[in-house]
Amino acid sequence: MTTDGFVKLPRTMLEWGWLDDGNTLKVYLVLLLSANWKDTEWHGIKLKRGQLISSYPTLAEKCSLSVQEIRTAFSHLKSTGDITVKTTSKFSIVTVNNYDIPDGLADKSTVNQQTGNSQAAVKQQAVNRQSTTAEERKEEKEIKEKQEREEAAAPPAPVNSSKSFNSAVTRADLADKYGEENVLLYECKYDSWAAKKGITDFSNMYGVIAKWLAEDGIAKPHSSFAMDDVMRKIIGRYKSD
């Protein structure tokens with residue numbers, strides 16, 4: 001992910017079904033801005049243009065929303081085919097469907113051309129909601145096999161209660177010590193673990209993550225990323241229009 005460049009938004013978005021839902025709009029814009037603009041690879045996972053790896057806790061912090069509000073926004077966006085989500089035990093791969101359509105629409109000058117593209121977008125959304133292709137199944141299999149190899153090599157330490165960890169630690173502390181990418185990966189792990197355990201209180205999440213990072217001997221990578229300032233500016237500019 002990079003903070004370079006820009007994302008175009010078509011005027012037809014003024015007719016978008018979730019425009020009046022502030023939380024869903026904010027989450028969609030953050031996903032659109034955070035998605036990779038070209039095919040890339042992250043931790044051995046191949047990501048296509050328009051895809052990103054994220055978690056509910058990460059998005060909750062970026063959007064200043066609760067985890068439950070992020071879940072609701074995801075439910076909205078998935079129901080209308082705006083995004084597709086593949087969830088594993090460690091992370092979620094989010095695909096912003098029709099990622100390239102805003103660019104095409106932004107270059108059109110007439111209402112008829114915009115309407116035609118909008119109809120094409122609806123048709124594409126229907127295609128995206130169809131059953132998983134053979135290529136996607138192969139990719140999911142590769143991800144699952146990679147997970148199993150990693151878990152076999154270094155199984156996570158058992159956790160009996162999140163309340164047994166230091167509640168004073170913050171996400172900023174962890175990002176500074178271990179790097180943004182590592183914190184994101186472990187947030188995804190925590191989100192999956194909490195879902196399996198039925199945990200809804202995330203107040204001590206970073207205390208648990210700090211324990212896991214320390215036990216796994218995770219080192220800070222050479223580079224990291226941060227998009228909060230750019231996203232706030234663009235979201236603010238969109239609302240002002």
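# Close-up views of a predicted model

**View 1. A three-stranded open sheet.** The sheet runs in the order β3-β5-β4, and its strands pair in the antiparallel sense. The edge places go to β3 (51–54) and β4 (83–87). Each has a single partner strand, so one side of each is left without a neighbour in the sheet. From one strand to the next, the twist averages 25 degrees. This is a predicted model.

**View 2. The pairing of β3 with β5.** Four bridges join β3 to strand β5 (residues 92–96), and the pairing is antiparallel.

**View 3. Helix α1 and its cover.** Helix α1 takes in residues 22–34, which is 13 residues. At 1.5 Å a residue, α1 should span 18 Å. Its end C-alpha atoms are 18 Å apart, so the model agrees with that expectation. How much of α1 is covered? Most of the helix is: eleven of its 13 residues are buried. The buried residues are T24, L25, K26, V27, Y28, L29, V30, L31, L32, L33 and S34.

**View 4. The crossing of α1 and α3.** Helix α3 covers residues 67–79, and its axis comes within 9 Å of the axis of α1. The two axes cross at roughly 80 degrees. Angles of 65 to 115 degrees count as roughly perpendicular, so α1 is roughly perpendicular to α3. From α1, the contact is made by N23, T24, V27, Y28 and L31. From α3 come E69, I70, A73, F74, H76 and L77. Sorted by class, this contact has seven nonpolar, three polar and one charged residues.

View 5. Helix α9 has twelve residues, 205–216. Which residues of α9 are buried? They are M205, Y206, G207, V208, I209, A210, W212 and L213. The cover over the buried residues of α9 includes α2 (56–63), α7 (171–178) and α8 (180–197). After α9 comes G217, with a positive phi near 65 degrees.

**View 6. Two loop residues with positive phi.** S64 is not a glycine, yet its phi is positive, about 55 degrees. S64 sits in the loop between α2 and α3. Is S64 buried or exposed? The relative accessibility of S64 is 66%, and exposed means over 50%, so S64 counts as exposed. N98 is not a glycine either, and its phi is positive at about 60 degrees. The loop that holds N98 lies between β5 and α4 (101–106). N98 has a relative accessible area of 15%. Buried means under 20%, so N98 is buried.

**View 7. The whole chain.** The protein chain has ten helices and five strands. It holds 241 residues, and buried residues make up 41% of them. Consider the contacts between residues at least 6 apart in sequence: 68% of these join residues at least 24 apart.

Notes. Residues are numbered from 1 along each chain as its sequence is written. This is a predicted model: local features need pLDDT of at least 70, side-chain atom pairs count only at pLDDT 80 or more; totals for chains, interfaces and linings use all residues. Side-chain values use heavy atoms; hydrogens and water are left out. The expected span of a helix is 1.5 Å times one less than its number of residues. Buried means under 20% relative accessible area, exposed over 50%, partly exposed in between (1.4 Å probe, protein chains only). Two strands pair if DSSP finds at least two bridges between them. Axes are lines fitted to C-alpha atoms, for helices over the stretch in contact, and angles run from 0 to 180 degrees between N-to-C directions. Angles under 35 degrees count as roughly parallel, over 145 as roughly antiparallel, 65 to 115 as roughly perpendicular and the rest as oblique. Contact means heavy atoms within 4.5 Å. Ala, Val, Leu, Ile, Met, Phe, Trp, Tyr, Cys and Pro count as nonpolar, Asp, Glu, Lys and Arg as charged, and the others, Gly among them, as polar.
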